[in-house]
Amino acid sequence: MTAHAPGTDIVCLLGPTASGKTAAALEVARRRAARGQTVEIISVDSALVYRGMDIGTAKPTAAERALAPHHLIDIRDPAEAYSAAEFRADTLRLSAEILARGALPLLVGGTMLYYRALTQGLAALPGADPALRATLDAEALTRGWPALHARLAVHDPQTAARLAPNDAQRIQRALEVWMLSGETLSALLAKPAPDTDTAGETHFVPVSLEPSDRSVLHRRIEARFDAMLAGGLVDEVARLRARGDLTAALPAMRCVGYRQVWDYLDGPDGPEAWRIMRDKGVFATRQLCKRQLTWLRSFTGRQVVDCSAPDTVARAADAIEARWDGAPHPSLRR
């Protein structure tokens, strides 16, 4: 690994949903502001890019964003797409701009595909095939996405293991890649990426929030989803549906929480329907958390902070500051 001067590392605060990433990032921003330094946060979150999706994404509030400049939030309409390739290009550009103005870039989020694309480059994958996707959509309409997930598990068990049975977008893409190329998505992603070196001298250091007690994270997930419902998540999704140009098939509406509320709004109302929607939302968020932790454990060189500890925020902030100040940390994994 190339040596880097102390203070030049770009720290990436990664973690599953409800692990305390936002609180830790803002604590670091406060500390550095007291020292006369500005921290600028770059979001590593595929849901935060969408405008009008605030409650279900736990988007930082206006007051929180006032504590530090935030980037890659509210940059797309929910009808538009945003790819890992676009994220990589935007983040490399933003990181250079932030450093050039003497500030400290801090990447924060839980979309692990984005982080992988940023640090390992983008594998050469076949492009989308509209006709094939239409065929897969038609099959899913009659058989259901869990059936297609089972087919994927036969051909690409590694990819299937990290996808939920109803993750239509990713199941479709993984089957599409296999059917077009004859190779599995997991095999193609494992190959060296042709553009890995385009990050140049940039050195990204992962600080990872991971629970020693997953039940603590599960309780937080449940409480947070209940708070989202109480805060108006159903009304937020209803407003998005009322636009008339959004569908349940769009990536934005497939986000955890939004997908379950969308289905609820399609069905009968009542306490039982609400309970089912709520339970599905909590379960889907837990499954997302599980997939995020699987991704995290595949990343080398990460410094792990226990996010189930009561002093997680302080510990994470200490770890980030130690990286910026060039201090070694005994729990750095290589």
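I began with the surroundings of K21. Leaving aside neighbours within four places in sequence, K21 is in contact (heavy atoms within 4.5 Å) with L13, L14, G15, P16, V108, G109, G110 and L209. I note that the model is predicted, that local features need pLDDT of at least 70 and side-chain atom pairs pLDDT 80 or more, and that totals for chains, interfaces and linings use all residues. Residues are numbered from 1 along each chain as its sequence is written, and side-chain values use heavy atoms, with hydrogens and water left out.

I placed K21 in helix α1, residues 21-34 (helices are DSSP runs of H or I, at least four residues; strands are runs of E, at least two).

I then looked for a charged partner. K21 is buried but has no salt bridge, and D45, the nearest side chain of opposite charge, is 6.3 Å away. Buried means under 20% relative accessible area with a 1.4 Å probe, protein chains only; a salt bridge is a side-chain nitrogen of Lys or Arg within 4 Å of a carboxyl oxygen of Asp or Glu. I did find a polar atom of the K21 side chain 2.8 Å from the backbone oxygen of P16.

Finally, I checked the pairing of β1 (at least two DSSP bridges between strands). β1 runs parallel to β5, residues 204-210, over 5 bridges, with L13 opposite V207. β1 is also parallel to β4, residues 104-109, through 4 bridges; there I recorded L106 as the bridge partner of V11.

Technical notes
Buried < 20%, exposed > 50% of the residue type's maximum accessible area, 1.4 Å probe, protein only. Lys, Arg positive; Asp, Glu negative; His and termini not counted. Polar contact = N/O pair within 3.5 Å; in protein donor to acceptor, adjacent residues only side chain to side chain.
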